[in-house]
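Hi,

Here is the model I promised to pass on. Have a look, and my notes follow below.

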Number of protein chains: 4
Amino acid sequence: MHAQSTRVHFASDNNAGAHPRMLAAIAEANAGHVAGYGGDEYTARAVEAFRELLGPQAQAFFVFNGSGANIVALAAALRPHQAVICPSHAHVAVDECGGFERFAGAKLIDVPVRDGKLTPADVEAQLRGIGDPHHVQPGAVTVSQTTEVGTVYSITELRALADVAHRNGLLFHVDGARIANAAVALDVDLRTLLVETNVDVCSFGGTKNGLLFGEAVVFPRPHPALEVMPYARKQAMQLASKMRFVAAQFDALLREGLWRENAAHANRMAKLLAERVGAIEGVRIAYPVEANGVFAALPPAAIAPLQRERRFYVWDADASVVRWMTAFDTTEDDVHDFADAVARVVREVR
Amino acid sequence: MHAQSTRVHFASDNNAGAHPRMLAAIAEANAGHVAGYGGDEYTARAVEAFRELLGPQAQAFFVFNGSGANIVALAAALRPHQAVICPSHAHVAVDECGGFERFAGAKLIDVPVRDGKLTPADVEAQLRGIGDPHHVQPGAVTVSQTTEVGTVYSITELRALADVAHRNGLLFHVDGARIANAAVALDVDLRTLLVETNVDVCSFGGTKNGLLFGEAVVFPRPHPALEVMPYARKQAMQLASKMRFVAAQFDALLREGLWRENAAHANRMAKLLAERVGAIEGVRIAYPVEANGVFAALPPAAIAPLQRERRFYVWDADASVVRWMTAFDTTEDDVHDFADAVARVVREVR
Amino acid sequence: MHAQSTRVHFASDNNAGAHPRMLAAIAEANAGHVAGYGGDEYTARAVEAFRELLGPQAQAFFVFNGSGANIVALAAALRPHQAVICPSHAHVAVDECGGFERFAGAKLIDVPVRDGKLTPADVEAQLRGIGDPHHVQPGAVTVSQTTEVGTVYSITELRALADVAHRNGLLFHVDGARIANAAVALDVDLRTLLVETNVDVCSFGGTKNGLLFGEAVVFPRPHPALEVMPYARKQAMQLASKMRFVAAQFDALLREGLWRENAAHANRMAKLLAERVGAIEGVRIAYPVEANGVFAALPPAAIAPLQRERRFYVWDADASVVRWMTAFDTTEDDVHDFADAVARVVREVR
Amino acid sequence: MHAQSTRVHFASDNNAGAHPRMLAAIAEANAGHVAGYGGDEYTARAVEAFRELLGPQAQAFFVFNGSGANIVALAAALRPHQAVICPSHAHVAVDECGGFERFAGAKLIDVPVRDGKLTPADVEAQLRGIGDPHHVQPGAVTVSQTTEVGTVYSITELRALADVAHRNGLLFHVDGARIANAAVALDVDLRTLLVETNVDVCSFGGTKNGLLFGEAVVFPRPHPALEVMPYARKQAMQLASKMRFVAAQFDALLREGLWRENAAHANRMAKLLAERVGAIEGVRIAYPVEANGVFAALPPAAIAPLQRERRFYVWDADASVVRWMTAFDTTEDDVHDFADAVARVVREVR
C-alpha cells in the first residue's frame, strides 16, 4: 500500500477507515464465547444506548449496511402493493441496483425535488388512485437526512412531512446514513431529531461516521412493523452471527458522544472546504453546505484534470457539479491541500 | 461482562470471537482513505490470495455472511423457475427464514438424507418433469461441506455429485461455511477440494473460522453467473462499502495457512471431545466425527439439566441427539471441563 | 378436428369443454358496453349468488384460473416470512412451477400424507421455531378438497383442521378446484362445507365444473386479507377487464344448482368407472373413490399400451397407479367404452 | 340489465363485449375433450395463424390478459437487475399496481414523453451507469403501439427504437394491446409492423379488439427468452387449462382479416368522433387522432356534468383533457349521440 493510495480524499465519507475507538471496542468485545445473532450482552447494551438517547420505547436492530437498513425497514412495514414516495435521487431509488424492488417487490415513486428536499406538497401530489386496484397505494414516505446534496431538513420540515404522512396513513422513514451530521447541523439531540418529529423508523448510519461496518434500524416508538422486523432482517441476509462486533461499535459510538464529535468534525471540515473553494474564481457552491458534503460547480474543463489527481464523483455532469465529502478523519491540512489542488487546476483551465 | 457469560461453550463455532490476527489485519488496513465497494488494493490482494490457492481463473466476491453467500451465489446462477436440489436439513432450506425463496423467487427441493449427505442417486431421483411447464426445473445442486451433521464428503463423493449435476445441466454449489474444516479432515488442499472436484461455486466460510465477519463467493473457474454476480450481490445488500475490512481479514486468513491452522485445531478439539464423551456410559456418538462437530445421543433426562449449565442446541429432539461444535479458540481444558460436566450430569440422571 | 381427438377421455376434468349453459350465459352477457374490471352488474349478481349460498358476509373475487386463485388468496393473507403448511402433493406445491414461491416470496412446508389428507397432528408437528427468526413462521394451512387423490375430507376433519389452524393463529385455506364434487360427495350444502367448518378462504373451482375459464376466491367471513385482495389480484395479473364473462358463468353455475348437478354427474360416472374397472382381474382401486377421480393400480405392463389408445396420467409410477378423472359431460357409454378398453389391455398383458 | 347500463359508451374499448364471431368460435371449439394447457389442435392452429401473418419463425404464447402478456414477456427476457426503459405513462408503469416490480423483481425507468412517444434519444439518455453494480442495468425498451394517447409510432420510428435498443444490447418489446389499430392506422400488414421493424417481442392484443378475453405474447423471431417463456407463463398464473377457448378466438380473429376489420371500424369511429367534437366551440383535440382514441380538452366545468350522463375517464385533470375510446361495435349513431351530448353540455357551461 503506497501513501498515495490511502491519502485522505473527498470521494465519500465511506472511503475513510474506522475510528480508533471502534477497533478498541471490537478488541474489548473479543473475549471468549457469547451467544450469536444478537443474544449477547453487547447487543443488549447497544440497544440500551439507543434508548438512553431516544427514550425507553426505542427499538434498534443492527444490520450490516445502509442498503440493508433501508430495504429491511421499508419491507418490514409495507406490503408489495404499497409504494414508497421518495425524492428522485434517493439512495434507495438510484444506488441500490433495484434491490428494494427485488426484495420488497414494491414500487418507488420518485419525485423530482429542489435542494434534495421533498415537501408535504410533493407527498400530497402523489396521493392518487387511492383505493383503485390498478394503482400502487402509497404506503410510506422516505427522505434522506442529511439529503443527498448535503442539505438538512429542519425540525419543522421533518415534522411537516411526518404530519402529511400520518394524516394519510403512511409510514415516515428517514434514511439516516448521515443522521449524526444532521443532528450537529441542526444543533439538536437525537430525541428532538427523531422522536419529536414523529419519525416512525430511521436507518441510523454508523459506517459513514466511523464504524468499520454496521447500521441500525431504529424505531423510536412501538410500530406494527416491529413484529415483522426480526424475520425481514434475517430474510434480507442482514442478521450477523457475531453481532457483538456491530453492537460494540455502536455502543462506543453512542456513549460519551463520539457520534456527535465525529460528525461535528466532518461538518466543520466541509465548511472549511466550502470557504476555501467558494473563494476560488470559477467555482460556485451549488447547494448550501449544511453538513459534510460540498457540491460545487466547476468549469467543465477542470473536472477531468482534477479527477486525474484526486478521487471524487461528478454529481451532475450537465451542470458540471461535483461532490466532495468530508469524514471524521479529514484534517485541516487535507482540506487545504485539496483546495489548493482545486484552485490550481481551475486556474490552469481558465 | 462476567467471566461466566463469555466462557467457551460448544453451542456454535460462531459463538467464538475473532482470531487475534484478524484484529491485527483490520488495524493494518485502517490507514487513510481507499476506494469503497471493493475498488481498493486490499480487495485486489485478497482475491489474489484465493487465486494462489485455487488457480488463476478463480474469482472471489466478498459478502457479509453465509446467508448472503449462499443466496447470492444461487440467485446469480438461476432463473426463478429453476429449483435447487438440497439435503433436507441444508442451512439454506431450514435456517434462512425463507430468505432464498424471497430473494431468488425460486423453489428448494429438499431431499431426506442419511449422515447429512446427498448422493448422485438422490439427485437423479429429482430429475422429473423436465420440460414440463407445470414443474420447476432443477437448476442446481447444493451441499454443505462439512455437512450439517459434521461429516465430510470425500473427494470422490463430491466429484460424483458434480458429475451428475453437470451431466444434467445443473450448477454444483457447495455451502462451505466450514470448508476449511473439510479440507483438514480430508487432508487435501483447496485446489483438490474445490477445483478438481468440479465445483462451480462455493460459499467460502470466514466467520466460523476466525473472522469477525465475512464470507466469500468463490468461482474456481469462469461461469456465466459471473456476469450477474456484481449486481446480485448489490441487490442482496451484501456489497460492503468499506470492503477492505472483509478483504484484509481474508488475506490474513488465507496467506501463511491460518485458515488450515484454525480448522485443524477445531477438528482436533472435536476429536478429543468425541473421545471423552464417547467413553461416557449412556452417551453415544450419533455421526462420525470428521470435522468440528460432535453429535451425541444423550439420555433424554440429561439434556435439560446440562443445558441449564451449558449453552448448546438439541439437534434431534426425538432421537435425543445434541450438537456440540468446537472452534479455533477451544482449548483442551475447555473440552475436559465440558466433558466432565456431561459425564456428571449423565451419571446423575441414570 | 377428428372425432378421435375430441373423444371424451379420462385424463383430466379440464380436458372437457364448457357446459352449454355457460355459452348461453356468455351470449346473454354480451349486450352492449358495461364497466370493466368488475364494476358491472353481472359481477354484482354473481357475488350475490355466492352470498345466497354462503351467507351475507361472503366476499368473492373472480380470477382466471386455479393457479391464480390459490396464489392470490395465500399471498394476500401472508407476509413472506410466513410459510404455508400443505400436503406434499398439493397442487400449489407441485404443479405451479414454483409460482407461489415467486409471487408470494414465501415457503411451502409440504408434509407427506396418506390418502391425500393432512391431519391436525401433521399441522402441529410443523409448529416449530415459533418466534425464531431463523425459521419461517407458519402462517397458513392449505388443503385440497377434494384431495389430489380423489378422497374427501369430512366436515369433522375440516373443522378439526380449522381449529388447529386458528388455535395457532394460522389461516385455513381450501383449494376447492373440485369443491362442488366434495359437496356432492358429502351431501352437504356449501354453507355447511365452507362456513360451518370455519374455512377462512376457499379457491372455488369453476373451470373443472363446466366453465370455459374462471375461478373465485371466496371469503365466507370478513378477514383482514380482504383489504389486500383487490391489489394482490391485480398484481397477480388476475383482474379480467371483461369480467362480466367470468361473472356471468358463475351466476349461471350457482343459481338453480347447476354446480351441484354437474358435480353429481361426474361423481356418479367415477363410481361407475370404479365399479367396472375394480371388477377387472389385475386392477386394484388405490384410493376410496369418493368424488370424480379413480386411482387404480394396473399391471405395470398394461400402462403403456393403454396410454397408446387413451390419454391419461400415471400418478405413481413406482406403484403403477394411474389417475382417471370424470367430468360433467362424461357419459355412461364413455365409461363403458373406456372400461372395456382397460379390461382388454389388462387381459392382453397378463 | 337495463338498456341504459349497457349503452355503448366511450370509456374504454374493453367496455365492449365480444364480437359475435368469437362466440361462434368458442361454440365450435366446444366439442368433446381435448388436451389441456395448449396441447390441443386449436392452439396449434392459432399459432399457425400467427405464423402465416408474421413468418414461419414466429412463436405465440396465449395468456389471459394484457397485464399477463407484458409482465411475462419482460420477465422471461430479463434478470432482476435489468431495468425496462418506458414512457412515463406506460401501462406497465402506471396501471398494473406494481405487478411488474412484484413479479419480475426489476425496476422500470419511466421517461417523460411528448405525444406518448419514446425517442431513441430518450433511450440513449438512460444508458447510464453501465457496468456499475450500484445501478440497475438497462435490459429492455418497451413502448405501447398505439401509444397511451392514441398516437401511432411510424415504421421508421419503431425501427429506430429497435436499432438503438439492439445497438445497446436491449430487448425491444411492444405493448400491442391495440396493435391492430396501429396496423390499420399505418396501413401496413403485421409483418411490416412487427418483423421488419425488428421488434423482439410483442404483447398482441385480443381483448380490446373483440375477444372475450385473451392476449398473445408473440416473438417474430427466435430469441433466448423463448426457452424461459413456458415456465414464466405458468409461474405468472397465465397458463389456461382450457386453452382452446383462447386459441379458437385468436384463430377466428386472425384468419380472414377480422382483426383488421374490427380495428379499422374502431379507428373510423374515432375519426368521426374527432370531427364532430373538434367542431364544437370550446373543445380542442389534444393529440393527433390516429387510431381509436380521442383525447380532448374540455372546458373544466363541462367534465363533471358530462360524466354524470356518460362514463369516461379524465386523462389529465390539470389540463382538463379527457379520453374517449371507440370499439369494434361503436356505431355512427353512438358517435353522433355522444357528440350531441358533448356539444350540449359544453354549450351549457360556457
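Chain A and chain B bury about 5,300 Å² between them, with carbon and sulfur atoms giving 56% of that area (buried area being the accessible area, 1.4 Å probe, that two parts lose on being put together, summed over both). A:His33, A:Arg102 and A:Met237 supply 18% of what chain A buries against chain B, more than any other three residues.

Before you dig in: this is a predicted model, where local features need pLDDT of at least 70 and side-chain atom pairs pLDDT 80 or more, while totals for chains, interfaces and linings use all residues. Residues are numbered from 1 along each chain as its sequence is written, chains are lettered from A and ligands numbered from 1 in the order written, and side-chain values use heavy atoms, without hydrogens or water.

In terms of contact (heavy atoms within 4.5 Å), 60 residues of chain A meet 60 of chain B. There are two salt bridges between the chains (a side-chain nitrogen of Lys or Arg within 4 Å of a carboxyl oxygen of Asp or Glu). A:Lys234 makes one with B:Glu96, with the closest N and O atoms 3.5 Å apart.

Now the residue I'd look at: A:Lys242, in the loop between helix H11 (229–235) and helix H12 (244–254) of chain A (helices are DSSP runs of H or I, at least four residues, numbered from the N terminus). A:Lys242 is buried (under 20% relative accessible area, 1.4 Å probe, protein chains only) but has no salt bridge, and the nearest side chain of opposite charge, B:Asp329, is 7.9 Å away. Its side chain does reach the backbone oxygen of B:Gly17 at 2.8 Å.

Cheers

How values were computed: Helix = DSSP H or I, 4+ residues; strand = E, 2+ residues; numbered from the N terminus. Buried < 20%, exposed > 50% of the residue type's maximum accessible area, 1.4 Å probe, protein only. Lys, Arg positive; Asp, Glu negative; His and termini not counted. Polar contact = N/O pair within 3.5 Å; in protein donor to acceptor, adjacent residues only side chain to side chain.
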